[in-house]
Amino acid sequence: MHSTLTCGACGHKHPVEQLQNLCTTCSKPLLAGYDLEAIRDRFTPEIVRSRRIRSMWKFWDVLPVDSPENAVSLGEGETPLLRCKRRGVFERFSNLFVKDEAFNPTGSFKARGMSAAVTRAKALGVETVALPSAGNAAGAATYYSASAGMRCNLFMPEDTPPANIIESVVGGAHTYLVNGLISDCGKLVKQGCDRFGWFDLSTLKEPFRIEGKKTMGYELAFDMADEASSTKLQLPDVIFYPTGGGTGLIGMWKAFDEMQKLGWIGDERPRMVVVQAENCSPIVKAFEDGESHAELFPNAATVASGLRVPAAVGDFLMLNVLKESHGAAVRVSDDDLLEGVREFSQQQGIYVCPEGGAVWKAAQSLAEAGWLNPDEKIVLFNTGSGLKYNHLFPTGDLPRLDHTDPNCLDAIA
Ligand SMILES: Cc1ncc(COP(=O)(O)O)c(C=O)c1O
């Protein structure tokens with residue numbers, strides 16, 4: 001159970017037993033802290049491995065609960081780390097892996113964050129949550145709220161893909177379509193929270209979504225260990241992460257820090273690579289310009305809805321991770337990321353989301369540029385299922401066969 005909530009920018013401390021959003025002093029994100037010294041003996045890799053919990057809550061000691069039974073869980077986390085077969089487009093990479101987050105409930109890594117956030121909100125008596133979403137967060141919020149018996153108010157841009165809208169409506173979320181961008185939806189959420197007392201679940205404005213997402217970092221260290229029983233956990237050399245609000249990136253970096261304090265790993269760290277869409281790449285631009293904050297990206301547009309975040313409250317935290325990890329920031333065009341989906345899906349046998357296609361193309365381009373050594377241990381994050389993005393891949397006219405014609409297979413080579 002967390003013992004502190006501290007602003008990631010000004011260091012102001014906030015009471016842990018009260019509902020919190022952004023820092024009341026400087027409006028920046030709050031980060032949870034734990035008394036890691038006190039849990040060191042009862043929270044070890046061996047103990048974690050021996051737990052019969054089939055979800056991210058096997059790491060409950062560093063999540064916002066007193067006991068795993070109190071978690072609002074649908075079985076999130078514990079996703080596979082798959083090795084990419086060394087052939088075709090993967091030929092040059094000898095240690096390429098994909099962490100396939102499509103295995104999560106509601107088909108994306110958003111499940112991890114929502115499980116943690118809804119768990120904490122429920123414990124503090126919240127009855128109604130609200131959030132803006134143009135994609136996967138909507139589905140995750142809908143189903144975790146349903147599971148917790150809470151009302152969920154969703155504000156979605158009216159051009160949100162049908163799969164996300166339908167999923168939310170079927171799951172019982174009160175869904176409102178807004179004639180604007182995600183930032184306009186966010187403003188309505190803020191007004192609604194002030195007026196009606198809903199709790200704001202917006203990414204990084206709520207302190208525990210990041211805690212859920214940090215479990216990707218914990219899991220990776222177990223996934224990469226030489227042997228299943230090894231007490232020596234390991235991290236990859238490089239992590240490619242499709243970045244919108246940056247919750248996962250910041251969360252994993254936090255996890256590595258916690259694991260070092262727990263004595264699970266040393267001071268080695270992967271190089272972190274932020275991957276954004278060309279026409280919505282505020283963090284890439286700020287990184288290239290050597291800035292510590294990012295400007296709002298004008299006219300942001302990309303088919304990868306998870307990457308359509310023109311301004312992120314955690315910008316300074318992401319830029320810090322890039323600097324500390326000696327990482328890189330890469331932009332990928334929409335055409336390239338869609339090609340990446342096809343290439344990766346056909347080569348690896350998993351239907352990746354456009355964000356997953358983007359990280360694959362980014363890895364290719366950094367290998368070509370010589371920044372990435374293809375023999376390094378490289379992990380790509382496929383953050384969600386391609387199934388929610390079917391609208392991006394029209395099949396065109398497929399050949400029709402008349403099964404009553406005995407010669408109908410003749411034309412097939
Ligand atoms: C599939 C997918 N990938 C990546 C992201 C970006 O995640 P983050 O906010 O952690 O940067 C999102 C966010 O919506 C997403 O849905």
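In this predicted model, the largest nonpolar core comprises 118 residues, among which Ala141, Phe240 and Val273 touch the most other members. Helix H8, spanning residues 247-261, supplies the largest share of this core, with seven residues. In soluble globular proteins, nonpolar side chains tend to be buried together.

Helix packing was examined for H11 and H12. Helix H11 (residues 334-348) packs against helix H12 (residues 354-368) at an angle of about 90 degrees, and the two axes lie 7 Å apart. Because angles of 65 to 115 degrees count as roughly perpendicular, H11 and H12 are therefore assigned to that class. On the H11 side the contact is formed by Asp336, Leu337, Leu338, Gly340, Val341, Glu343 and Phe344, and on the H12 side by Pro354, Gly356, Gly357, Ala358, Trp360 and Lys361. Classified by residue type, this contact of H11 with H12 contains seven nonpolar, three polar and three charged residues.

The chain as a whole contains twelve helices and 13 strands. Its C-alpha trace spans about 75 × 50 × 45 Å along the principal axes. Buried residues account for 52% of the 413 residues. Of the contacts between residues at least 6 apart in sequence, 67% join residues at least 24 apart.

How values were computed
Residues numbered from 1 in each chain as written. Predicted model: local features only at pLDDT ≥ 70, side-chain atom pairs only at ≥ 80, totals over all residues. Core = buried A, V, L, I, M, F, W, Y, C linked by C-beta atoms within 7 Å. Buried ≥ 20, exposed ≤ 12 C-beta atoms within 10 Å, placed from the backbone. Helix = DSSP H or I, 4+ residues; strand = E, 2+ residues; numbered from the N terminus. Axes fitted to C-alpha atoms, helices over the stretch in contact; angles between N-to-C directions. Parallel < 35°, antiparallel > 145°, perpendicular 65-115°, else oblique. Contact = placed C-beta atoms within 7 Å. Nonpolar A, V, L, I, M, F, W, Y, C, P; charged D, E, K, R; others polar.
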